Amino acid sequence: MESAKLLQAIIETAIDGIITIDDTGIIASLNPSALKIFGYKEEELIGKNISVLMPEPDRSRHDSYLLNYQNTGEKKIIGKGREVKGLRKNGTQFPFRLAVSEVQFQERIIYTGFIHDLSKEKEAEEFLKNYTLELEELVENRTKSLKKMLRELEEAKEEANVSLEKEKELNRMKSRFVSMASHEFRTPLSSMQLSVILIEKYLQVSDSLQIVKHLHKIKTAIGSLNGILNDFLSLEKLEAGIVHPNHCLFDVIKFSEELTEEMQLITKEDQIIIYQHTGSESEINLDQNLLKNCLMNLMSNAIKYSGEHTLIEFSTEIKENQYIFSVKDNGIGIPEDDHSALFQPFFRAHNTGNIPGTGLGLNIVQRYVGLMDGKIHFESIFGKGTEFTLSFPKNL
């Protein structure tokens with residue numbers, strides 16, 4: 001008696017669907033998971049032919065499958081671990097893995113079907129396929145842009161009548177560019193390749209938590225690649241002299257709140273960005289796109305160089321003659337010996353370790369700020385954190 005109760009409890013709480021039918025295909029019982037998978041109530045299916053849960057052509061052929069199996073032993077729908085299609089009450093079809101056991105019970109034969117819904121696994125496979133195609137297209141397009149930039153650097157070197165020292169500096173920058181690009185691209189690409197391999201593995205055992213984990217890694221790696229390439233393209237435009245500020249009036253509070261929400265999406269675990277505004281006014285006159293690029297870069301650095309469970313403070317202020325923007329973190333800080341070189345292109349502080357980066361971000365920020373007649377200032381204590389402040393003249 002206890003064994004029967006235990007068996008019933010196991011069937012009732014099983015994650016997979018369990019359905020029993022008699023030797024004519026009539027449904028005898030279903031567990032709660034089977035009812036949920038197909039979208040029926042128990043009284044709607046008991047006594048019905050199992051084919052009601054099948055789409056065509058299996059629906060019309062099922063009785064002949066069953067009869068053929070009983071006569072010949074040849075399995076069609078009946079099988080071990082087959083992938084088949086199911087039909088929900090609402091008319092939608094879905095894939096599931098079916099295993100059927102034949103049981104001799106009290107001088108009659110019953111069949112027990114074990115149903116594992118594959119909908120989520122198939123969705124993950126389709127998502128991964130589309131993600132891979134998008135990634136390949138992204139890498140191809142960005143690679144073309146990089147090749148173009150390298151060609152233009154080479155052409156600039158050949159065409160320009162520069163001094164020997166200037167030529168040496170150009171070569172040094174090109175060397176740093178190639179070395180850094182090779183390293184920064186290899187790391188996220190390797191991470192994505194490994195994650196794809198692991199996702200394929202976890203799909204086989206339906207481990208959705210691991211699948212989500214590695215999809216997140218791919219997404220992070222793609223974001224890293226995008227950041228690197230955007231830095232390169234921004235630098236290229238600045239060097240070509242084609243970046244010009246386009247000032248307009250906009251609400252700095254609305255702008256900053258939206259930016260804070262956007263950046264909060266890429267923070268580490270329990271990292272919180274707090275925004276506050278000082279001043280009775282909220283309208284400013286600056287280039288909104290250039291300002292957003294500057295602040296996104298500073299916030300990205302604050303997120304990247306701070307640990308989990310930390311606070312990032314973002315503030316804006318409108319004074320009588322100035323607009324002030326501040327980003328403060330409690331991260332690793334910048335060594336004092338590195339302060340003087342911090343805004344040089346390709347320069348990275350000596351305590352960044354394996355944290356990815358191009359060394360171009362702050363140089364680009366400084367130049368964007370300069371285009372808007374602004375100034376950038378920072379204060380940093382090694383091991384305790386950094387605060388960057390942008391100030392712009394108030395255009396009346």
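Residues are numbered from 1 along each chain as its sequence is written, and side-chain values use heavy atoms, with hydrogens and water left out. Because the model is predicted, local features need pLDDT of at least 70 and side-chain atom pairs count only at pLDDT 80 or more, while totals for chains, interfaces and linings use all residues.

Two packed helices are described by the angle between their axes and the distance between the axes. For helix H8 (residues 252–264) and helix H9 (residues 288–304), the axes come within 11 Å and cross at roughly 40°. Axes here are lines fitted to C-alpha atoms, for helices over the stretch in contact, with angles running from 0 to 180 degrees between N-to-C directions; helices (H or I, at least four residues) and strands (E, at least two) are DSSP runs, numbered from the N terminus. H8 is therefore oblique to H9, a term for angles that are not under 35 degrees (roughly parallel), over 145 (roughly antiparallel) or 65 to 115 (roughly perpendicular). From H8, Phe 255, Leu 259, Glu 262 and Met 263 take part in the contact, defined as heavy atoms within 4.5 Å. Their partners in H9 include Leu 291, Lys 292, Leu 295 and Met 299.

Attention now turns to the aromatic rings. Across the whole structure, eight aromatic pairs are found, where rings of Phe, Tyr and Trp (its six-membered ring) pair if their centres lie within 6.5 Å, with planes under 30 degrees apart counted as stacked, over 60 as edge-to-face and the rest as tilted. In one of them, the ring centres of Phe 38 and Phe 94 are 5.4 Å apart and the planes stand at 65°, so this pair is edge-to-face. Phe 38 belongs to helix H2 (residues 32–38) and Phe 94 to strand S4 (residues 93–105), so the pair ties together parts that are 56 residues apart in sequence. Phe 38 is buried at a relative accessible area of 1%, where buried means under 20%, exposed over 50% and partly exposed in between (1.4 Å probe, protein chains only). Phe 94 is likewise buried, at 1%. Ring pairs also join Phe 38, Phe 94 and Phe 96 into a cluster.

Finally, helix H10 (residues 361–371) has several buried residues, among them Leu 362, Ile 364 and Tyr 368. Just after H10, Asp 373 adopts a positive phi of about 60°.
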